[in-house]
Amino acid sequence: MSPQIDNRQPAASTTIAAAMLIAAAATTSNVDAAPRSRPNQIKYEYAQPNDPSHQAIYDQMKQGQALEHLQQLLSPLRLPHPLTLKVASCDGVADAWYENKFVTLCYELLAEILKSATTRDLPTGVSKADTILGPALDVFLHETGHAVFDMLQIPVLGREEDAADQFSAYIMLRLRKDEARRMILGAAYHRATDIPPLETESARDKFSDEHSLPAQRAFNVLCIAYGADKKLFSDIVEKDLLPKQRAETCEIDYDDVTFAMTTLIGPHVDKTAAKKFHEVWTRTVSARRTRLNREQQ
Ligand SMILES: [Zn+2]
């Protein structure tokens, strides 16, 4: 996302003070330390848009039960507090953030995602709908990552924005293979459209941003995906979307993410439910994909 997107709130950053990426291996006693953690803590809320031009997005999301599907996908997470996924108007600002147990995604950002979606299928087989659903899912999962780090007091070494990107990529890669591919490549496509021309922003502003550069974020997610499954994502290296030199170490990158996720967050996930709802997501999203691909630009 562009630098102004998903401003992490200071309150969250202080509770998730920079610490060690890999804490002591999680044990049963770690789980017991958060006694009120339980699954099915995800709530959702569709706020009415203030801008009439966003009414169609509101209607389509409600009709397609977009937040209900996300709620289901994330229901296996055991959290100590309810987490509400919300879509709302943001006074013209295309943004998304986590604050006070709410993940808010602005209609303005969804409108921007719709606007930058591809109009024709990409060489990777990614469709228009994938370049809408992928980025939208990625934003929700990224913000949920911030929420999980905060609620579960997960130590993060390195930039939290990068960790939230990795949290999102890891969850998307748990989906069925073809669905994981569509969501990952759709999200990367959107990041690539978000790279500002050099003259529009000073190098100082870009390099000092809390997020990595959009191009780095796109390459990082492709690298994690390739590291997870070299066969499923072989064409991104063959087509040079991911340079060969970077691809050589992607398995290590993915192993690092896997170790952190399974050690720190794994104990807070109902794995049987997670497997089930990864399948349910893939089934329920297909109708939405068909409709989005049919719609005129
Ligand atoms: Zn963020």
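# Packing of helices, sheet and rings

Me: At what angle do H3 and H5 pack, and how far apart are their axes?
Reply: Helix H3 (residues 55-63) and helix H5 pack at an angle of about 90°, and their axes are 10 Å apart. H3 is therefore roughly perpendicular to H5. Angles of 65 to 115 degrees count as roughly perpendicular, those under 35 as roughly parallel, those over 145 as roughly antiparallel and the rest as oblique. Axes are lines fitted to C-alpha atoms, for helices over the stretch in contact, and angles run from 0 to 180 degrees between N-to-C directions.

Me: What kind of model is this, and how are residues numbered?
Reply: The model is predicted, so local features need pLDDT of at least 70 and side-chain atom pairs count only at pLDDT 80 or more, whereas totals for chains, interfaces and linings use all residues. Residues are numbered from 1 along each chain as its sequence is written, and side-chain values use heavy atoms, with hydrogens and water left out.

Me: Back to the helices: which residues make the contact of H3 and H5?
Reply: H3 contributes Ile57, Tyr58 and Met61, and H5 contributes Tyr107, Leu110, Ala111 and Leu114; contact means heavy atoms within 4.5 Å. By class, the contact of H3 with H5 has seven nonpolar residues, no polar and no charged ones. Ala, Val, Leu, Ile, Met, Phe, Trp, Tyr, Cys and Pro count as nonpolar, Asp, Glu, Lys and Arg as charged, and the others, Gly among them, as polar.

Me: And H7 with H13, at what angle do they pack?
Reply: Helix H7 (residues 160-172) and helix H13 (residues 250-265) pack at an angle of about 90°, with their axes 10 Å apart. Gln166, Phe167, Tyr170 and Ile171 of H7 meet Tyr254, Val257, Thr258, Met261, Thr262 and Ile265 of H13. By class, this contact of H7 with H13 has seven nonpolar, three polar and no charged residues.

Me: Changing topic: what is the strand order in the sheet?
Reply: The sheet is open, has four strands in the order S1-S2-S4-S3, and its pairing is mixed. Strands S1 (42-46) and S3 (96-99) are the edge strands, each pairing on one side only. The twist averages 15° from one strand to the next. Two strands pair if DSSP finds at least two bridges between them. Helices (H or I, at least four residues) and strands (E, at least two) are DSSP runs, numbered from the N terminus.

Me: How many bridges join S3 and S4, and in which sense?
Reply: S3 and S4 (residues 102-106) pair in the antiparallel sense over four bridges. In S4, phenylalanine 102 is the bridge partner of glutamate 99.

Me: Where does H4 pack?
Reply: Helix H4 (residues 66-74) packs on the sheet, touching S1 and strand S2 (83-88), and its direction makes about 170° with that of S1. Helix H5 (residues 107-116) also packs on the sheet, touching S1, S2, S3 and S4, at about 50° to the direction of S4.

Me: Why is H4 described as largely enclosed?
Reply: Seven of its nine residues are buried, so H4 is largely enclosed by the rest of the structure. Buried means under 20% relative accessible area, exposed over 50% and partly exposed in between (1.4 Å probe, protein chains only). The buried residues of H4 pack against S1, H3, S2, helix H6 (130-151) and helix H14 (271-294).

Me: What about aromatics: which residues do ring pairs link into a cluster?
Reply: Ring pairs link Tyr44, Tyr46 and Tyr58 into a cluster. Rings of Phe, Tyr and Trp (its six-membered ring) pair if their centres lie within 6.5 Å, and planes under 30 degrees apart count as stacked, over 60 as edge-to-face and the rest as tilted. The count comes to four aromatic pairs. Tyrosine 44 and tyrosine 46 are edge-to-face, at 5.9 Å centre to centre and 75° between the planes. The rings of tyrosine 46 and tyrosine 58 are also edge-to-face, with centres 6.5 Å apart and planes at 85°. Tyrosine 46 lies in strand S1 and tyrosine 58 in helix H3, so this pair ties together parts twelve residues apart in sequence.

Me: Is tyrosine 44 buried, exposed or partly exposed?
Reply: Tyrosine 44 is partly exposed at 33% relative accessible area, whereas tyrosine 46 is buried at 13%. Tyrosine 58 is buried at 9%.

Me: Last topic: what is the phi of glutamine 65?
Reply: Glutamine 65 has a positive phi of about 55° although it is not a glycine. Glutamine 65 sits in the loop between H3 and H4.
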